[in-house]
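Colleague: Let us go through the side chains of this model one contact at a time. Please put it on the screen.

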Amino acid sequence: MNETVNWLIRVESTVSNLYAEAALLFREDKAFSQFLSMMALEEKAHEELLQKASVSIPDNRIKKASSFVDDDFRKKVEAPFNRAWVLMKNGKLTKSEMIGVVAEAEFSEWNELFLYVIDHLNATGGEFRKAVSEVDEHRAHIQ
């Protein structure tokens, strides 16, 4: 489970950075840029929640968790982000492509895994409920 948590933290960080960079790239389209900036902040909050939860739970509890995330799953989740980075680097990332990346990624199993991990790590108090609410808001923004 530790490996899965660490991978999720890296993904949340990568996605936050991607959305922030894309917000700058599309700054001429104020509404879209603001949307991407908001998404970047939400991903950063998810990263911080995962970090906080992972350090507050004893290692033996994390090791008892049974979660299997293989390379195929990781590649599938990371594919839209990797595609967006390549397109951005090559100056070919369009608004339409970025919208597709956001939709493909945010409605993938990635967010379900995030919620599962937060639930399993048993984040304290209202933090888990807040995370569920944020993911729901995330999806509502995308829709």
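Modeller: One definition first: buried means under 20% relative accessible area, exposed over 50%, and partly exposed in between (1.4 Å probe, protein chains only). The model is predicted: local features need pLDDT of at least 70, side-chain atom pairs count only at pLDDT 80 or more, and totals for chains, interfaces and linings use all residues. Residues are numbered from 1 along each chain as its sequence is written, and side-chain values use heavy atoms, with hydrogens and water left out.

Colleague: Is Glu104 buried, partly exposed or exposed, by relative accessible area?

Modeller: The relative accessible area of Glu104 is 40%. That value lies between the cut-offs of 20% and 50%. Glu104 is therefore partly exposed.

Colleague: How many salt bridges does a search of the whole structure find?

Modeller: The rule takes a side-chain nitrogen of Lys or Arg within 4 Å of a carboxyl oxygen of Asp or Glu. Applied to the whole structure, the search gives a count of five.

Colleague: How many residues apart in sequence are the parts that Lys95 and Asp29 tie together?

Modeller: The two side chains meet in a salt bridge, N to O at 2.7 Å. Lys95 lies in helix α5 (residues 95-106), while Asp29 is in the loop between α1 (2-25) and α2 (30-56), so the parts tied together are apart in sequence by 66 residues. Helices here are DSSP runs (H or I, at least four residues; strands are E, at least two), numbered from the N terminus. The separation asked for is 66 residues.

Colleague: Which residues are linked with Arg83 in a network of salt bridges?

Modeller: Arg83 meets Glu97 at 2.9 Å, N to O. This pair links helix α4 (residues 71-89) to helix α5, 14 residues apart. Arg83 also bridges to Glu104, with the closest N and O atoms 2.7 Å apart. The residues linked with Arg83 are Glu97 and Glu104.

Colleague: How is the aromatic pair of Phe26 and Phe32 classed?

Modeller: Rings of Phe, Tyr and Trp (its six-membered ring) pair if their centres lie within 6.5 Å; planes under 30 degrees apart are stacked, over 60 edge-to-face, the rest tilted. The count comes to three aromatic pairs. For Phe26 and Phe32 the centres are 5.3 Å apart and the planes at 65 degrees. The class is edge-to-face.

Colleague: Why is the pair of Phe32 and Phe35 classed as it is?

Modeller: The ring centres are 6.2 Å apart and the planes lie at 20 degrees, so the pair of Phe32 and Phe35 is stacked. Both residues are buried. They are three residues apart in helix α2, about one helical turn. The angle behind the class is 20 degrees.

Colleague: The charged end of which residue sits over the ring of Phe32?

Modeller: The test asks for NZ of Lys or CZ of Arg within 6 Å of the ring centre and within 35 degrees of the ring normal. Phe32 itself is buried, at 8% relative accessibility. The charged end lies 5.2 Å from the centre of that ring and belongs to Lys95.

Colleague: At which residue does α4 bend?

Modeller: The bend is the angle between axes fitted to the seven residues ending at a residue and the seven starting there. In α4 this angle is about 45 degrees, and Pro80 follows within four residues. Pro80 is one of the buried residues of α4. The bend is at Glu78.
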